[in-house]
Amino acid sequence: MSGSTILRVDSSITGEHSVSRQITSRIVEQQLATRPDARVIDRDLVADPIAHLTLDQFADASVLDEFLAADTVVVGAPMYNFTLPSQLKAWIDRLAVNGRTFRYTAEGKPEGLAGPKRVIIALSRGGYYGTEQGNADFEHLESYLKAFFGFIGIVPEFVRADGINLGPEVKAKSVEQALRDVDLLAA
C-alpha cells in the first residue's frame with residue numbers, strides 16, 4: 001500500500017517503563033514489515049500534551065485531520081483509575097465531530113463516518129477486569145474505547161497486557177503474550 005500513513009498515539013506517563021508503549025512499538029514494527037514505505041507519525045500525548053477541550057480548542061481541527069489522514073492508527077492506552085488517561089481523553093475529544101466523523105440520521109441515530117480505518121489499541125491494565133474475577137464493573141477503558149470508536153464507524157482491534165501490577169513474573173508473562181498477539185495481527 002504505497003503512500004500509507006500510520007499514526008501512533010502514546011499516552012502513558014511511565015516513559016521507558018511503559019507496557020503500552022512497548023506494545024505500540026511492536027505493532028508499528030509489525031505494520032512496517034508489510035508496508036515499509038508507510039509514513040509513521042508519532043504523537044506522544046505526554047511529551048506534547050493536547051489541552052483539554054474548550055470551545056477555542058475545538059476550533060483547531062489539526063488533530064482530527066491527522067487522524068482522518070492515517071490509514072492505520074495505533075493507540076497506547078494504559079488504564080489509570082479504571083479508565084483512560086486524561087491526556088488520551090483530550091485527544092479523543094478532538095475526534096468526535098458531527099459531520100466529519102459521525103452524523104445523526106433523520107431518526108436521530110448516530111452513524112459513524114470515520115471508517116474504513118484500522119485502529120489497533122494496546123491496552124495495559126494493572127489487574128484483571130473480567131467477569132470471572134468479579135471486577136468487570138471497574139473496567140472503563142476497553143469498553144469506552146470500543147464504544148467511542150464504534151460511534152464514529154470503526155471497529156477497533158485490541159492487544160491486551162493485563163495483570164502488570166501483580167508482580168514481575170505475571171507482568172513478564174502478560175507482556176510476552178501481548179507481543180505474541182501483535183505478531184498474530186493480520187497485516
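Predicted model: local features only at pLDDT ≥ 70, side-chain atom pairs only at ≥ 80, totals over all residues.

I began with helix α5, residues 142–151, and looked up its buried residues: E142, L145, F148 and F149. Looking down the axis of α5, I find these residues within an arc of 135 degrees, so they line one face of the helix.

What do the buried residues of α5 pack against? My list reads α3 (62–69), β3, α4 (86–93), β6 and β7. I also looked past the end of the helix: G153 follows α5, and its phi is positive, near 95 degrees.

Then I moved to helix α1, residues 19–34, for a length check. Its 16 residues at 1.5 Å each should span 22 Å, and I get 24 Å between the end C-alpha atoms, which agrees. The buried residues of α1 are V19, S20, R21, I23, T24, I27, V28, Q30 and Q31. I traced their packing partners too: the strands β1 (5–10), β2 (39–44), β3 (72–78), β6 (118–125) and β7 (157–162), plus the helix α6 (168–184).

Last entry, the surface. I found a nonpolar patch of about 310 Å², made by L53, L55 and F58. I placed L55 in helix α2, residues 55–58. Is L55 buried or exposed? Its relative accessibility is 74%, and the cut-off for exposed is over 50%, so I count L55 as exposed.

How values were computed. Residues numbered from 1 in each chain as written. Heavy atoms only, no water. Helix = DSSP H or I, 4+ residues; strand = E, 2+ residues; numbered from the N terminus. Expected span 1.5 Å × (residues − 1). Buried < 20%, exposed > 50% of the residue type's maximum accessible area, 1.4 Å probe, protein only. Contact = heavy atoms within 4.5 Å. Patch = residues over 30% accessible without salt bridge, like charges linked within 9 Å, V, L, I, M, F, W, Y side chains within 5 Å. Areas by Shrake-Rupley, 256 points an atom, 1.4 Å probe, with all protein chains shown as cover. Salt bridge = Lys/Arg side-chain N within 4 Å of Asp/Glu carboxyl O. Arc of directions from axis to C-beta.
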